[in-house]
Amino acid sequence: MRFSATTVGFTVSAVAPATIGLVLLDGSGHGAPGAGAAAQTAAMPVPVASVIRRSVPVYLDYIGTTEAIRTVTLQAQVTGYLAARGAPDGADVRQGELLYQIDPRDYQAALDQVKAQAQHDAAAHDYARVSQSRNSVLSKDGWVAKDTFDQTTSNLHQSQATLAADAAAIQTAQLKLGYTEIRAPFDGRLGKSLVHEGTLINAAGTQFNTLVELDPIYATFNPSETELAAITQARLKGPIPVDVQTSDAAQPKFSGTLSFLDNAVDRNTGTITARATVTNPDHTLLPGEFVHVHVHIADQPGALLVPQVALGSSQLGRFVYIVGKDDKAEQHIVSAGASYGSLIVIDKGVNEGDRIIVGNLQKLAAGAPVQPVPAKSSGV
């Protein structure tokens with residue numbers, strides 16, 4: 001009769017007590033012939049990995065949402081027809097890049113007009129200055145009446161004021177001309193355009209588009225009030241590193257630091273609003289996404305780690321199998337902590353150097369003889 005590995009494993013544990021009973025009934029004092037050979041045959045090869053001790057980071061994990069650091073609605077400040085668009089919908093643009101161009105001809109003409117008026121007033125100012133200077137000399141010798149001198153002095157002051165008004169008019173005209181160009185106030189991404197070429201733009205505030213900043217970006221989450229003390233203590237030691245990852249595990253993690261912790265706990269939820277500033281150079285993250293936020297608040301020195309695949313579960317709790325004395329499987333109930341990649345922290349139930357069985361767990365039972373074999377890839 002042919003036995004599978006499973007059948008053999010469980011036959012050993014079930015038949016062993018019966019064998020002992022037969023020995024007691026045998027008056028010869030000898031065990032059944034071939035019993036040692038049967039036990040040798042019953043040993044099942046199992047992959048094992050050693051429990052290691054290592055310093056591991058302590059994280060607080062949350063589900064958060066991404067938010068743009070800066071969002072601006074592009075609006076008109078002057079009236080005119082839209083002459084051109086400098087960037088398509090959804091384009092990534094650089095600070096200062098031309099996005100929309102309103103027809104500038106009316107405003108260029110207005111600027112030219114105030115500049116010409118300024119030149120006219122500058123010529124009048126030169127005449128007033130020369131007249132006042134000449135009358136100042138003649139007045140001292142009595143050749144010009146005092147009232148005439150006062151009049152020329154007044155004209156000079158009026159011309160100076162006119163030049164100041166002209167300068168302000170030129171500045172106003174230049175500003176209005178500049179408003180015909182809508183440029184990006186910062187690096188970001190455009191949304192869907194609300195206007196197109198030929199649209200009459202109203203100075204009352206026609207909206208062109210929305211520009212959002214994507215790098216860096218905020219990740220907002222809500223720690224509970226019970227975790228607030230740990231986060232506060234970690235902040236006192238320096239910046240708190242934060243990792244952010246999307247629901248797609250294949251995407252890389254985004255790194256940042258905790259940059260904001262609100263000043264009050266929400267009474268209704270028992271949480272506080274926190275925010276991390278995260279680098280997003282490829283603009284992979286967009287505002288409004290749900291993300292996993294990992295806040296690194298401390299390091300746990302001397303943690304015991306085993307491969308996650310070694311953990312089993314029963315009514316008594318989580319357990320691992322250890323290669324014990326005489327190469328027999330021992331079941332240890334454990335207290336598991338945080339996971340780190342393919343490894344998991346064991347807070348109680350194992351010791352450093354224990355040989356943990358990481359394969360064939362479904363075929364094992366406590367006390368079964370095993371043949372330990374080094375695991376090919378334990379994740380240690």
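## Basis and overall make-up

Because the model is predicted, local features need pLDDT of at least 70 and side-chain atom pairs count only at pLDDT 80 or more, while totals for chains, interfaces and linings use all residues. Residues are numbered from 1 along each chain as its sequence is written, and side-chain values use heavy atoms, with hydrogens and water left out.

The secondary structure of the chain comes to five helices and 22 strands, taken as DSSP runs numbered from the N terminus (helices: H or I, at least four residues; strands: E, at least two). Of the 380 residues in the chain, 33% are buried, where buried means under 20% relative accessible area with a 1.4 Å probe and protein chains only. Among contacts (heavy atoms within 4.5 Å) between residues at least 6 apart in sequence, 76% join residues at least 24 apart.

## A four-stranded sheet

Four strands form an open sheet in the order S7-S6-S4-S9, with antiparallel pairing; two strands pair if DSSP finds at least two bridges between them. Strand S7 (181-183) and strand S9 (200-201) stand at the edges with a single partner strand each, so one side of each is left without a neighbour in the sheet.

Strand S4 (residues 80-85) pairs with S9 in the antiparallel sense over two bridges, and Tyr-81 has Leu-200 in S9 as its bridge partner.

## Nonpolar cores

A nonpolar core is a set of buried Ala, Val, Leu, Ile, Met, Phe, Trp, Tyr and Cys residues joined through side-chain atoms within 4.5 Å. The largest has 24 residues, and those that touch the most other members are Leu-74, Val-93, Leu-99, Tyr-100, Leu-190, Ile-201 and Phe-208. Strand S6 (98-102), helix H3 (105-140), helix H4 (146-179) and strand S10 (207-212) are the elements that give two or more residues to this core.

A second, separate core of 22 residues includes Phe-221, Leu-258, Val-293 and Val-295.

## The second largest pocket

The second largest pocket is lined by Tyr-59, Asp-61, Lys-253, His-294, Ala-338, Ser-339, Tyr-340 and Gly-341. On a 1 Å grid over the protein atoms alone, a pocket is an open set of points where a 1.4 Å probe fits, with protein on both sides within 12 Å along at least five of seven lines, and lining residues have an atom within 4 Å of a point.

Strand S2 (52-68) and strand S19 (335-340) each supply at least two residues of this lining, and S19 gives the most, with three residues.

Terms used. Buried < 20%, exposed > 50% of the residue type's maximum accessible area, 1.4 Å probe, protein only.
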